[in-house]
Amino acid sequence: MRALTSARGQEEAVTVRRSESADAQGIDRLIGPSAVALFGRVNVIHLLEKANLAVTLANGKDEIVAHASFFDHPIGDVVDQTRWEPFLQSHLGAEACTPLNTLFLHLFVAQKDFAAASAKKIMRAVFDAVSELEHVCLVGPHVAALEPALQDVFEPLQRATEAGPRCSALIGHRHRHCPKLHIRPARVEDHDDLMDIFEEQAKLLPSFDRPYFLAELLDSQDQKNHAAVCESDGVPVGLVLFTCDVDLNLLDELFELSFLDGFQEPAASTTRSSASPPEETQSTGHISESSNVASIQAFVIDKDYETRSVDFIPYIFNFFPDLDFCIISVPTTSPEFPLLQSFLRVPPRASRSPPRQLYVLHRAGLSVVEVRPAAAADRPAVSDLVTGLRLSGSLLRDLDRVYETRRDPDGVPLQAFVAQVLGQVVGVLILRDEQDIRYLCARFNVENFIYFSHHGAEEHAQVLHLVLKRCCRPSGRHLFKEVLRLARRSCLFHRSYPPSHPGQEDSCVHHLDFVLDCAVPVRPRRQIVYPLEELGVNAPSRQITEDQAPFALSLVSRKLTLEPKVTVNARIVVVGASDTGLSFLEVLCLCPHLRFHNLTLVSTHGYPGDHGDHEDVGFLSTSHAFSSRDLAQLPLHSCVTVVTGKMVGINRKSKCVRVSGGAKVPYDHLVLCTGLQYQVPRPTGVDPSRSWPGSRYTGPVPSNLFTLNDLHDCSAARRWLRANFVELEGDAVVYGSGVDVFTTAEALLGLGVRGGRVHLVLTPPELPGASGLGDPVVEKAVAVALGEAGVRVHRGRLLAQMNDGEVNPEPLASVTFASHEEEEPLLRLRCGVFLNVSNKGVDRDAFQSINNSFLVFDSRLVVSASFHTSDPAVSGAGPLTKLSRCYYADEWSHANFNSKEVGRDLAAMLLPLFDPTLEVAVERPPPDGGRLVPLYKQPKVKGGKLPGGFNYLHVTKPPPTEPTGAQQLQDGGIVTGRPETGNYFRLQLDAGELVETLTCLSLKPLPFSNYLSLFGKHQQLLGRLSSRYQQGLVHDLHSFFTQSCCVSVYLDRFSDFQLELQQINSNAVGAFYVYLSRFETEEELSSLRSSAVKYLTYNRNLLPMFASPGQL
């Protein structure tokens, strides 16, 4: 909060922040006749959508005190937005104004008493936020008297010629509001002023802790080591220590310096064109003793002036005129400070992960990057720029099309722009008109960032190609801002296709990091599975319903071009590609204002999305958390480094994870999410009472024994079966329990294996993980289907011997099973292949890594309610973990809950460590000594293909304990259909008439996304389902939920509509639903109708089956 003083001396505490769309109403109330006379009539929402920078002052009650909107072009049609620069220079004498250093005020409003103070406060904030900004102009067609508040911050521009349109023309300069700092050599007498700043920020400088260290440094300056201070009003407010004595061998060993040509040798003379950008070359592996680098050793500045940190940079290069590079290294855990935004991050070498992050700036970074439309004469320079890049031929072909027809082969318009520094082309960007904007809005949450209705169809474009030299990457936002202005666009979209769809990628983007630094990732939306045949002409357009190849989407809009991201260099390592781990990474990668540079996933078989879908591969059931399409629509491939291998050790002292194969992965924050895996069963011997069935098997694993844990294992088993089993003789033994036994049996039958060759051996139901199918009707149907297929089922058995007790059972030819029932004889089966889905527990290597690192392990990794282990740098989540016994809640663990929801909660707990807008929660026990256990609301989901060709889905609320056998179903369930007819559907309501369990068994494909959205919905929201069922009007739930009246419930925005209804009806009962019958007053009914119409109108593209008001 900052103090604002009115003309009458009244003080008001205000917050200076970027404007939000929610401010529109408050801003509109401040617009008076004088503002209209000067700025014209404005649509505030439209203004906020298109402004490059909008600033609001709000008081403690969140009331709008003042607002200003800034654009990169003048108001109205005084001059074309692409040609204002020559107009200002030739007609108004503003030769110093360039697109880089100038913004234009399009609206200023304020409460009358605070107008003057607000104008100065906003101008100071704008110059603070945009370091390269030097001028703010007010140029528009409306000639009117200037408000006194603006007279204090603007001065008239003198017309250089009488030609040109009549307009208002004023300018405000940086030096009146936020002047550049004066830089001079540091002196010993600066010691006391600087020590005050050092003491404030000592946490950033832990190495400088001895007495009088600063005085010694200031007194020991020489030709190679220098110190400089920045002054404000004659008082030192910052210090930088820099040197040209740099160990290049160490830097080259740790960081990838191959693209920095000239990094190793100094300039020959000061008169050469040293400001030219360096060429990007491959490293020769030789390091010269002489360097071309100045290194910042220490840097500190008062927080009130840190946005002017860039003023040090010209001084450093002037002090070392023969050097072309400046570097700075910071700890990976250090928060980013404004100075680093002018530098380029240097990636570490693939085999190294140093505890510090290196940043570099070339002298060319001080030069202005000019952006203009590409001309035919640029063709040779662009060709040289993209030589050797992947898909460079595609870029050059599209560039030629711009020169020839300005259209691609499909007739879609193209535009091309180049970026240059000192006349040298350093970048090229080619745009294509966005033809699929309706598809993008339907498939991604684009409207989280823009109001689509305020952007014309012609204002959307796709980034087709983008190449920019690395040394110019800090100017990337300026490049996008200029391209949007020159191309007359408001939004740019970039598609990133996963490696599994290489044929779809035709864009040359070098480097993708450049796009990720400037664009915001757009979250994919949950999709409705439309019953197209039933809807007929009322279905959404084919442009929306037809699938395209999956891709991750990024967006750059005008209002995002001056909103830098917070860079996070902390090394975050996630072990385990489980639903929990992937959900955690999803949250981090989709944070629009954070850019995580060091996310690492340690996965046994690499990236999980590269192995296909459960529906295609089979064998295992699925939680429907992440399909391969879901993963392809997330920016995980672009943001996360995947290390293939198993965790075999944790060194907590040196903070690194050892991976099979010898690799070491250093971390600052380690997240363990390995989950539970099926283990190779250990034979109990012929007397199972003398052996613990959960014992680990440590002997050699036969080549025809497959333990199935993920899609990689299933794909390998499928390939082996096709090559070595399906067409041959021999029996298949499936051993285990639960849904996976039956889905594995169906996969074998689907491969063409005769049922008579398949044995299902089910473990005793009291063993861990021996849960059933959740419904006795389903279990009976599966048993009948297995019998009809000839599959033999053996229940209550444990593996006793392999190959009659041989030490090395290779290959596995027979297996013997024993029973807990003493009178039961041993069961010996011939075995051509053994498929194991039993003995689920913590992986042996994961257990040893956790145990040997002395983390608390009590049958599971012990964590607190906030996911902390006994090591503050190590967190755990998912089925791998259990809550500490101090919670007295052994019946609850993460395994009871939806793993995707647990992963998101884990991310919410860790984000405050990196996000400056969030407060770090301090875990303190309640004063009464009680400890709360976190509970989650999302359902547990199981699905798969069962014997008989049944598509199976079971959704239920999180149980307090893992059930054994079929769950006890309550009376009053809504049941339609029968397994024999392939349309069984059971829906269970709780005491509040909310859907708490649903079970489907169908011979037709199930609309999983639709059915999952039914969980937690009140039956009245489902068309008064309960009363209709009791009246005998619902005969088939599958058909009932394909009715058009139910489609709106499946929309991802329906939950927002529910919350709105709750706010309307204060009598609503419960936190997650409303009784529609409780809307009693005419006012409530009117609000209900209005909200429903808004909901249907706003989502008209996805819900065309509902009539809109204009159609009634």
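A charge sits over a ring if NZ of Lys or CZ of Arg is within 6 Å of the ring centre and within 35 degrees of the ring normal. With that in mind, Lys840 lies over the face of Tyr678, at 4.8 Å from the ring centre. A second case involves an arginine: Arg757 is placed over the face of Phe725, 4.3 Å from the ring centre.

## Confidence in the model

Please keep in mind that this is a predicted model. The protein chain has a mean pLDDT of 88, with 91% of its residues reaching 70 or more. Among the elements of the chain, β32 has the highest mean pLDDT, 98, while helix α19 (residues 614-617) has the lowest, 76.

Two stretches call for some care. Over residues 282-288 the pLDDT stays under 50, and the model has eleven contacts for them beyond four places in sequence. The pLDDT also stays under 50 over residues 962-969, for which there are 18 contacts beyond four places in sequence.

## A parallel sheet

Let us turn to the strands. Five of them form an open sheet, ordered β28-β27-β25-β32-β44, and the pairing is parallel. The edges are taken by β28 (640-644) and β44 (874-876); each has a single partner strand, so one side of each is left without a neighbour in the sheet. From one strand to the next, the twist averages 20°.

How is strand β25 (residues 572-575) covered on its two faces? Ile572 and Val574 lie on one side, Val573 and Val575 on the other, and all four are buried, so both faces are covered, given that buried means under 20% relative accessible area.

β25 pairs with strand β27 (residues 599-603) in the parallel sense, over four bridges. In this pairing Val574 stands opposite Leu601 of β27. β25 also pairs with strand β32 (residues 669-672), again parallel and over four bridges. There, Val573 stands opposite Leu670 of β32.

Further along the sheet, β27 and β28 are joined in the parallel sense over five bridges. Val602 stands opposite Val643 in β28.

## Aromatic pairs

A search of the whole structure finds 24 aromatic pairs. A pair of aromatic rings is described by the distance of the centres and the angle of the planes. Two of the pairs are set out here.

| Ring pair | Distance of centres | Angle of planes | Geometry |
|---|---|---|---|
| Phe897 and Tyr936 | 5.1 Å | 70° | edge-to-face |
| Tyr1011 and Phe1041 | 6.3 Å | 65° | edge-to-face |

Where do Phe897 and Tyr936 lie? Phe897 is in the loop between β45 (881-883) and α26, and Tyr936 is in the loop between α26 and β46, so the pair ties together parts that are 39 residues apart in sequence. Phe897 has a relative accessible area of 2% and is buried. Tyr936 is buried too, with a relative accessible area of 10%.

As for the other pair, Tyr1011 lies in helix α27 (residues 1008-1012) and Phe1041 in the loop between α29 (1037-1040) and α30 (1044-1050), so parts 30 residues apart in sequence are tied together. Tyr1011 is buried at 3% relative accessible area. Phe1041 is buried as well, with a value of 2%.

Elsewhere, Phe242, Tyr315, Phe319 and Phe320 form one aromatic cluster.

## Two loop residues

Pro934 lies in the loop between α26 (899-910) and β46 (940-946). Is Pro934 buried or exposed? Its relative accessible area is 17%; because buried means under 20%, Pro934 counts as buried. Leaving aside neighbours within four places in sequence, Pro934 is in contact with Ala865 and Phe897. Phe897 is the residue whose ring pairs with that of Tyr936. Pro934 and Leu396, by contrast, are 538 residues apart in sequence and 56 Å apart in space, C-alpha to C-alpha.

Gly948 is found in the loop between β46 and β47 (950-956). With a relative accessibility of 43%, Gly948 counts as partly exposed. Which residues does Gly948 contact, leaving aside its neighbours within four places in sequence? They are Glu746, Ala785 and Leu1003. Gly948 and Glu788 are 160 residues apart in sequence, yet their C-alpha atoms are 8.6 Å apart in space.

Notes. Residues are numbered from 1 along each chain as its sequence is written. This is a predicted model: local features need pLDDT of at least 70, side-chain atom pairs count only at pLDDT 80 or more; totals for chains, interfaces and linings use all residues. Side-chain values use heavy atoms; hydrogens and water are left out. Buried means under 20% relative accessible area, exposed over 50%, partly exposed in between (1.4 Å probe, protein chains only). Two strands pair if DSSP finds at least two bridges between them. Contact means heavy atoms within 4.5 Å. Axes are lines fitted to C-alpha atoms, for helices over the stretch in contact, and angles run from 0 to 180 degrees between N-to-C directions. Rings of Phe, Tyr and Trp (its six-membered ring) pair if their centres lie within 6.5 Å; planes under 30 degrees apart count as stacked, over 60 as edge-to-face and the rest as tilted. pLDDT is the predictor's confidence in each residue, from 0 to 100.
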